Amino acid sequence: MSEVLVWNAMIGGIVFGMVYALIGCSLNVLAGVLRVINFAHGEFIIAGSFFAYALFTGLGLHPLLSLPICAVAFFVAGRGLYYLLVPRLARSDEPETSSFLLMFGVSLMLIAAMTWIFEADIRPLNFTFDPINVTLFTIENAYGEGRHGRVLIPTARIVALVINLFIIVGLTWYFYRTLPGKALRAATMNREAIQIVGINIHRLSSMAFGLATSLAGITGVLLALVIPSIDPNGGADIALIGFVVIVLGGLGHPVGALFAGIIFGFVEQFSNLMLPQAAAQMVGFIILVAVIFLKPSGLFGRSVLR
Amino acid sequence: MSSLTSMDEAKASRIRHTLWFGLIGVVVLWFGSIPILDGNQSLYFSLMLWVTMATSFNIIAGFTGYMPFGFVAFYGMGTYTAAILVSIVKVSPYIAIPASGLAGVLIALLFAPTLRLGGIYFAIVSLSLAVILQRIMGLAPEDITGGSGGLNLGQHTVREQGFYAMLIVLVAALATVTWLTRSRLGKALRAIRDDAQAADAMGINVQRSRLYAWLLSALFASLCGGIQAWFTGALDPVTAFDVLITAKTVIYAMAGGLGTVTGPVIGTVILVWVDELIWRQFPVLNSFLLGLIIALLILFMPRGIIGTLMQKYPRCRRLIM
C-alpha cells in the first residue's frame, strides 16, 4: 500500500468526517429536542445539493453564494414542516416510532419529487475551483526509485472543510454561549422542566426543526462540492451514516456527534482503502449494530434497553 | 346480569367467527377458481401475497408494538432460500418452500437479541440488518446467489402451483391470527404491548411471548418471499430486499388497523386494488403517493380504518374481529 494512499485516506477522513459530524449534529438537534429520529434527513441533504445544483446551472450562481440562501430557505421550510407535521404527533401513543414512520413517508415523497424534477440520473455539479488541486507535499520515491508521489487535495475539499469548521465553531458558540442555544440543550435534558421556567416549547421546537433542516441544506451544498455527483436515491445511505454517527456519539449529544463523525470518516476511508469494496460497504452497518448491542448509550448518552 | 352479558358476548363472538370464517371460505373458493377460470392471476396473487405480508407484520407490530423497519429481511431471505434450493440444489418447490419458511425463522432467531432494544433503536437496527443481508446476497459468489444479477428459476417451476401455495399460506396466516386473538399467547402479547412491566408482574413470560410472535411473523413473511420466487420465477437482491416492500407492508397493515384481525386484510384489499388499477400507470407518482399515504395515516388515522370504526362505533366490535 502506497504511502500516498494512506495520506489521501487521512485527508479524506478529516474532510468527510467533518461533513458526517455536521450530519450527526443536525440529526441530534432533532433527536434531542424533539425526540424525532429523522428518517428523511438524507433526502433533506440531497435536496440541499440539488438546491445548489439548480442555482448553479439555472442562474450560474457560485455554490458558495447559494450556501447562505440555502440556509435561510431551508430554515423557513423546516419551521413550516414542523408546524405541519409534529404537533399532531405528540398526541400519538408512541411518538418516537410514529415520527420515524412519518418521516419515512416524507422521505418517499421527497425522493419521488426529486426524481420527478431532476430525473433518475445522477448529476454532477459541473463546478470547479481554480486551481482544481492543491499539492500538500511530495513524498520522495513513493512509487519506487525516482518516482515521487504528490499528496493532492482538491481545492473544493479544503473549502468545504474550512466552511465546515466555521459552522461547527459557530454551532458550539450557539449551543454553549447564547440563550436560545442553552434552551435547546436544556430541552434535550428535560423537556418538562424548561416549560416551567417559561420557555415556549413549540416555538423552541420549531426553531430546532428549522435549525436542523437548515444545517441539512448546508451539508447538502458542502457535499455537492466534495462528491462527484448528486443522486436523488442516495438519501438512505446518507441517513444511515447519520444514524451511525448519532448512535456512536450518543443520541441527542452534539459534541458526541462531532467526535463520532470524525471517527466514522476515518473508519470509512480506511476500510475503502484496505478492504475489498464489497466488505467496505457493510462496515458502517456493522458498526451501527455492534455499537447498539455492545455500548448502546454510545460514547455519551442515555440508556436504551427495554 | 353478568351471566347474561357473558352469554351475549358468547353470541357476539359466535356471530363474529361465523362471519369471518364464512368470508375466508368465500375467498378460498373465489381465489381458488381464478387459475381455472383464466382470471388475472398476477392481480390475485399479489392480493394474497400482500394480505399475508400485512397479516404477518400485524403479528409483530400490532400484537407486540415493535416496528421492524427491516421487515423485508425475512421476505428476502425466503425468496433467496427458495430460489437457491430450486435452481441450484435442484429440489422440488414443495421442499424448497417449507425450507424458506425455516430460513426465515432461523434468521429471526439470529436477530432475536434485537427484541431487547427500545423503540427507535429497534427500528434502526432492524433496518440495518436488512441492508446487511441484501449486501451479502449481492456480494456472495455468483454460483450461489447469482450475485447482483440474481437468479432465474422459471424453467423449474409452475406458476399455478405457486398460486395455490400462496392461497394455502394465506389461509394459514389468517387462521393463525384468528387463533392468536383467542389464545393465551395473544392475550399475553397485548398485555405486554400495553404495559410490559404490569404483564411481567402478572406472571407472563415477556421475553418468550415476544419471541414467539417474532418467529411467527418471520415465518409467514419468508414463506411469502419463497412463494413469490416460485410464482414469478426470477429474483435479484435489489427487488428481493427493496425497502418499498417494507413500506407497502406497513402501509397496508396500518391503513386497515394494526392489532385487529381484519384490519390488515381490508387495508390491503383496498390499497392493492387502487395500486393495480390507478398508480401502476405513473411509477414516480406511485412512490410519492405511498409516502403521502403513510404520512396522512400517521397524522390523521393512526388506528387505521377498522381501528377507527371500532373506536367511533363500539358496537361494531360485535361483528368485526
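The contact between the two chains takes 35 residues from chain A and 31 residues from chain B, two residues being in contact if their C-beta atoms, placed from the backbone, lie within 7 Å. This is a predicted model, in which local features need pLDDT of at least 70 and side-chain atom pairs count only at pLDDT 80 or more, while totals for chains, interfaces and linings use all residues. Residues are numbered from 1 along each chain as its sequence is written, and chains are lettered from A and ligands numbered from 1 in the order in which they are written.

On the side of chain A that touches chain B, the elements giving two or more residues are α3 (63-89), α4 (95-118) and α11 (277-294) of chain A; helices (H or I, at least four residues) and strands (E, at least two) are DSSP runs, numbered from the N terminus. The largest share of this side, 16 residues, comes from α4(A).

Helix α4(A) packs against helix α5 (residues 119-139) of chain B at an angle of about 35°, with the axes 8 Å apart. Axes are lines fitted to C-alpha atoms, for helices over the stretch in contact, and angles run from 0 to 180 degrees between N-to-C directions. Glu96(A), Thr97(A) and Phe100(A) of α4(A) make this contact with Gly119(B), Ile120(B) and Ala123(B) of α5(B).

Leaving aside neighbours within four places in sequence, Ile294(B) is in contact with Leu101(A), Phe104(A), Gly105(A), Leu108(A) and Ile251(B).

In α3(A), the 27 residues should span 39 Å at 1.5 Å a residue, and the end C-alpha atoms are 36 Å apart, which agrees; the expected span is 1.5 Å times one less than the number of residues. A kink of about 35° lies at Tyr83(A), shortly before the proline Pro87(A), the bend being the angle between axes fitted to the seven residues ending at a residue and the seven starting there. The buried residues of α3(A) include Phe74(A), Phe75(A), Arg79(A) and Tyr82(A). A residue is buried if 20 or more other C-beta atoms lie within 10 Å of its own, exposed if 12 or fewer, and partly exposed in between. The cover of the buried residues of α3(A) includes α1, α2 (41-59), α4 and α8 (201-226) of chain A.

Arg35(A), in the loop between α1 and α2 of chain A, has a positive phi of about 60° although it is not a glycine. Arg35(A) counts as partly exposed because it has 19 C-beta neighbours inside 10 Å.
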